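Please look at the model first.

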Amino acid sequence: MDVSYINPFITATSQLFATMIQVQLTLGKPSIRKPDDRLFKLYRISAAIDLQGGVSGRVAISLSPQVAYALGGALAGRPFEKPDAELLDAIGEIANMIVGGAKTTLPDGGSVRISTPQVMATHLLEYPAGLPVIIIPFDTPAGRFVLETALRVAAKPASAPTPTPTAIAPAAPAQAA
Amino acid sequence: MKLLLVDDSRTMRNIQKKVLAELGAVEFAEAGDGVEALAVIAANPAGFDLILVDWNMPNMDGITLVGKIRETDKKTLLIMATTEAEKSRVLEAIRAGVNNYVVKPFTPEALMEKVKQTLDKAKAPAAAAA
């Protein structure tokens, strides 16, 4: 796992929680999705964003309804009790701000264009074939959600090697308002 | 004061409304993309004091919308409110004609500060001339 392509998403998630969501956030241990992992057994709602350019692929967040209500409610400033259109919009906007924020610090992020969010039931979430899926879990008081990345880096012309960061960035804990 | 909020996320528009209602007597109009925004602008001949524009939207994105507005209107204040934070994007938006730029995610204070800064700067030349 090249952390250059993981840390921006962790940092962007922390930044979002610190500014607009203000819910306690703890980073779990990233891992590679196994072929027999069945995400839809744990989560029900997903929001995916596609990337094109120097880095391409798909990034998605997946949540249980309870976590979606908590995070969507914290962002929107109103309670949710069912997955209505407004909740799904809020979850889509959360994904948008995470991926948009990450793009700024991704290697070659300036060349990347992102899609508008696609919100869907988790069992419908798919990734481009052949790409490893990195799972980045986050824990909140309402429960866990995951951010998954399936990214391909465009080949660059040969040049002097640049050092690759080896440490995964910690998620700065965000305090509830 | 009349503000137009252009963002494909209703959640984001509601957040912006809640924050900017603190400005006082504010009337809000909304649009979910650039095409809808142009229709709202056409339907409001008295115009808007300020338009907040998202970048990434379906049908017509924010940078295209800014360009289309500036073809005929150099006066209306435009603020890009977007996740696009690269310097190149900010410069592109400024060249297209925005008056200010706020990066999402933002705190309520940061959004309010940018809007007030933009409104105050627009009043300053008029105050100097008086």
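## Chain B as a whole

Two residues are in contact if their C-beta atoms, placed from the backbone, lie within 7 Å. In chain B, take the contacts with a separation of 6 or more: 62% of them join residues 24 or more positions apart.

This is a predicted model, where local features need pLDDT of at least 70, side-chain atom pairs count only at pLDDT 80 or more, and totals for chains, interfaces and linings use all residues. Residues are numbered from 1 along each chain as its sequence is written, while chains are lettered from A and ligands numbered from 1 in the order in which they are written.

Chain B has five helices and five strands. Helices (H or I, at least four residues) and strands (E, at least two) are DSSP runs, numbered from the N terminus. Along the sequence the pattern of chain B is β-α-β-α-β-α-β-α-β-α. Its radius of gyration is 14 Å, close to the 14 Å from the globule rule for 130 residues, so chain B is as compact as a globular protein of that length. The radius is taken over C-alpha atoms, and the rule is 2.2 Å times the number of residues to the power 0.38.

The C-alpha trace of chain B spans about 45 × 30 × 30 Å along its principal axes. Of the 130 residues in chain B, 38% are buried. Buried means 20 or more other C-beta atoms within 10 Å of the residue's own, with C-beta atoms placed from the backbone.

## Where the chains touch

Chain B puts 19 residues in contact with 21 residues of chain A. On the chain B side, helix H1 (residues 10-20) gives the largest share, five residues. By class, that side has six nonpolar, seven polar and six charged residues. Ala, Val, Leu, Ile, Met, Phe, Trp, Tyr, Cys and Pro count as nonpolar; Asp, Glu, Lys and Arg as charged; the others, Gly among them, as polar.

## Two helices of chain A

Helices H2 (residues 65-76) and H3 (residues 85-103) of chain A pack at about 80 degrees, with axes 9 Å apart. H2(A) and H3(A) are therefore roughly perpendicular, a label for angles of 65 to 115 degrees. Axes are lines fitted to C-alpha atoms over the stretch in contact, and angles run from 0 to 180 degrees between N-to-C directions. The contact has nine nonpolar, one polar and two charged residues.

## A:Leu87

A:Leu87 sits in helix H3 of chain A. A:Leu87 is buried, because 24 other C-beta atoms lie within 10 Å. Beyond four places in sequence, A:Leu87 contacts A:Ala68, A:Tyr69, A:Gly72 and A:Phe80.

How values were computed
Angles under 35 degrees count as roughly parallel, over 145 as roughly antiparallel, 65 to 115 as roughly perpendicular and the rest as oblique. A residue is buried if 20 or more other C-beta atoms lie within 10 Å of its own, exposed if 12 or fewer, and partly exposed in between; C-beta atoms are placed from the backbone.
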